[in-house]
Amino acid sequence: MEKRNLSISNFRLFCVQILLPLIFILVAAGLGFNYLFEREVVAKSQISGAYKINRILTQTYPDEIPIFGDSRAEMGLLPDSVGDNFFNYGLYSTGYDVTLFFVEEECKKTKKRPELIVNLNLSGFTYGLGDISNYLYNINDDGVKKLLGDDYRPYFSIPFIKYYGRFESIFRTYFVENSLMAKVINNGASLENQSIPVAQFRALVAKREEDLPIFRTAEVLQNKLLGIIKAHPNRLFVFVIAPYHPCCFDSTNINTGHAFIHMLRTYKNVRVFDFSKSVFDESMFFNTSHLNYKGAVYYSRLLHDSLSRIDSN
Amino acid sequence: MLFNSFAFLIFFPVVTLFYFILPHKFRWCLLLVASCFFYMFFKPEYILILAFTIVIDFMAGILLEDETEQRKKRKYLIMSIVANIGVLAIFKYFNFINLNITGVAKLLGLKNHIPYLNWLLPIGLSFHTFQAMSYTIEVYRGNQKAERHLGIYALYVMFYPQLVAGPIERPQNMIHQFYARHEFEYSNAVNGLNLIVYGLFKKMVVADRLSVYVNQLYGNVYYANSWSTLIGICFFSIQIYCDFSGYSDIARGTAKIMGFDLMVNFNRPYLSGSVSEFWTRWHISLSTWFRDYLYIPLGGNRKGEWTLYRNFLIVFLVSGLWHGANWTYVIWGTLHAFYVIFARITKIARNNIAQFAGLSKLGSLNSFIDKCITFALVTFAWIFFRAENFGKATQVIRKLAEFDFRFNLNQITMMKGPLNLILSLLVIGLLWCSYLLPTNLKLKHNILFLAITTFIIIVLGKNGEAEFIYFQF
């Protein structure tokens, strides 16, 4: 009995002297760090996914024309070259589920300009959340939770802990933006300023030839997109297909993609600009499906001209 | 179940709490059930293999003790060892042997019709098999009384903190601890918690961070230059140390909180001044196992120099094979045998040279040079340990030998970006700082240590529940 009492008093001592103070210190330090991290790093990095999601959810710029899509949008369109008041919401490694999340949020806003630019790929409608750290800053938003679906974890709601293992990717984006080492940053766009050596580029082409983009149809996403278009006749949906390296044109079901584009064109509030075959100079590519800075400037000007024609019409 | 998983974060406090709440007579039962649950979290059916070896060795232990005739005792011991080695042979070495038979048959223009087994290697098989074998050998030698309580014996083999990656315990150290009445002790709990947090730091912050660069190097050797190869192989030396010693620290810490003492498995091995010393500091539970059950029975150093060299070679070859069924592990073991034998043969000559060159007067600088040379030798041998095959190992060595030390940021960072390299160097720096702490982690400012280390784990820890390297053995 005496031993048991000693054990209990030891346990009490452990709780009072170690466990509780440790929890208190960690909670205080964690909350403080979380506050500073979100305020100074996450919220101040315009190319980070977290910033872009927060911007689309919480801020409204009536004159802004948004550009949505994946890395082909993020690395392909230079907002200042496209025109005034463009902002690039492109998110690396994401699928159409994320793009449509942005489009839906955009359509909830009251804007002075009706246009919104949406990137379309020859790979069609794919799913992909990309880096989970993009969503953590706005994790309490119901739409974000729904978007994450099965990938949502209860600890994502705990400040500081939610960033466990993900601080690095956010810091990396922050440093890239602030060091301007090999990238050009412009209103959300992140463009590669360096070109790949010829030998390596040839290797990428050879690899791509073995794995050509196939237009994937995903009924849920396609119907959702068409639903949004129909529900917002006052908005002008401008779909753009960014340039591909010529090696990608041998896609086996490219006709499926063309058929879908053709169907999109039947909507009154839709314009489709296919730039997929507009760049043949290899020096403009970062890899077979992404442009570098030089290519992005060229492509952005092409889009600028096309958008000007809409305006004049 | 992984120590660095969310499941363990729940499992461990619950088991520990119940351990202290339950009356002493039921505690073994709780620990056994918890250990089964822990093991079955990986692949439930492999518990049957464990059960098989447990029953065999339990019965062998009793037969060994009850038998008075030496010849029969020997027979029982051999039967038990054959059963244990047999399980290892089937699950770990069958395909390797078969592959080599196929190779030899091909050379002779024949065909090998023996089918390959499509079984996964049970996690930690080599660890618990060796632990079980040490029990029967010790009972045979009369150093340990046979355990007559099947549950306690099963717990000796299956005690969850050290079940899948050691330390490989001895029955003399462990079995009596399962009978002892442990009460919650403040000092044990604090020290145990320090060990767990430090182990998690080593695994999640250091090892998993360095693995990014190392995996990239071994996956894309063609992209590396001599700088990146040098960095990558040094990183692997530190990665494997932190991965394995981190596991051992967590194992010791979890056991310590419940009042159990597990043996120290690592003692800052890269501070060794020679390869022989390295083996007294690295995976101590395995090297002492080989010393006691292989090296000494072979004659140790008592039968002349040549027998000693032969014994070194056998021990290191077996040690290599213990790690894995691959020729790369055999080469790794042979290299270590060569280092140790060469050092022994050249000891007098080296001492004379050192004296002649005045190196012995340099004191701490001389000791530092010895440590660097030992680290370089061990790191070179790790190339074979890490590479999937001999070809990949030679590619890595060729990259080193090219002496291409041009500064190319993409190559130096192995395309993983400067931040990854900076963080890798930072965590090595933090590991170095942690060497200022006492080895047993009995500290004055426990709260400070726990808070800072936990904070570092959360901020710098790599995401994902990465397996421990030694699980595969």
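Reply: Domain bounds here come from an automatic or database domain assignment. The model itself is predicted. Chain A is divided into domain 1 (1-42) and domain 2 (46-312), and the centres of these two domains of chain A, taken over C-alpha atoms, are separated by 44 Å.

Me: How do you know that domain 1 of chain A touches domain 2 of chain A, and how many residues take part?

Reply: Two residues are in contact if their C-beta atoms, placed from the backbone, lie within 7 Å. By that rule, the contact takes seven residues from domain 1 of chain A and nine residues from domain 2 of chain A. On the domain 1 side, the classes are four nonpolar, two polar and one charged.

Me: Which domains does chain B have, and what makes up the contact between them?

Reply: For chain B the assignment gives domain 1 (6-183) and domain 2 (188-472). Their centres, taken over C-alpha atoms, lie 26 Å apart. Each domain of chain B contributes 24 residues to the contact. On the side of domain 1 of chain B, the helices α1 (6-21), α4 (70-107), α5 (125-141) and α7 (171-179) each supply at least two residues. The largest share, four residues, belongs to α5(B). By class, that side of domain 1 of chain B has 13 nonpolar, nine polar and two charged residues.

Me: What makes up the contact between chain A and chain B?

Reply: Chain A gives 23 residues and chain B gives 22 residues. In chain A, α1 (2-42) and α8 (167-179) each supply at least two residues of the side that touches chain B. The largest share of that side, 13 residues, comes from α1(A). The side of chain A that touches chain B divides into 16 nonpolar, three polar and four charged residues.

Me: Why is Phe390(B) called partly exposed?

Reply: A residue is buried at 20 or more such neighbours, exposed at 12 or fewer, and partly exposed in between. Phe390(B) has 14 other C-beta atoms within 10 Å, so Phe390(B) is partly exposed. Phe390(B) belongs to helix α16 (residues 390-401) of chain B. Not counting residues up to four places away in sequence, Phe390(B) touches Trp327(B) and Thr328(B). The C-alpha atoms of Phe390(B) and Phe375(B), 15 residues apart along the chain, are separated by 22 Å.

Me: What lies between β4(A) and β5(A)?

Reply: The two strands form a hairpin with two residues between them. In the turn, Asn187(A) has a positive phi of about 40 degrees.

Definitions and conventions: Residues are numbered from 1 along each chain as its sequence is written. Chains are lettered from A and ligands numbered from 1 in the order in which they are written. This is a predicted model: local features need pLDDT of at least 70, side-chain atom pairs count only at pLDDT 80 or more; totals for chains, interfaces and linings use all residues. Ala, Val, Leu, Ile, Met, Phe, Trp, Tyr, Cys and Pro count as nonpolar, Asp, Glu, Lys and Arg as charged, and the others, Gly among them, as polar. Two strands pair if DSSP finds at least two bridges between them.
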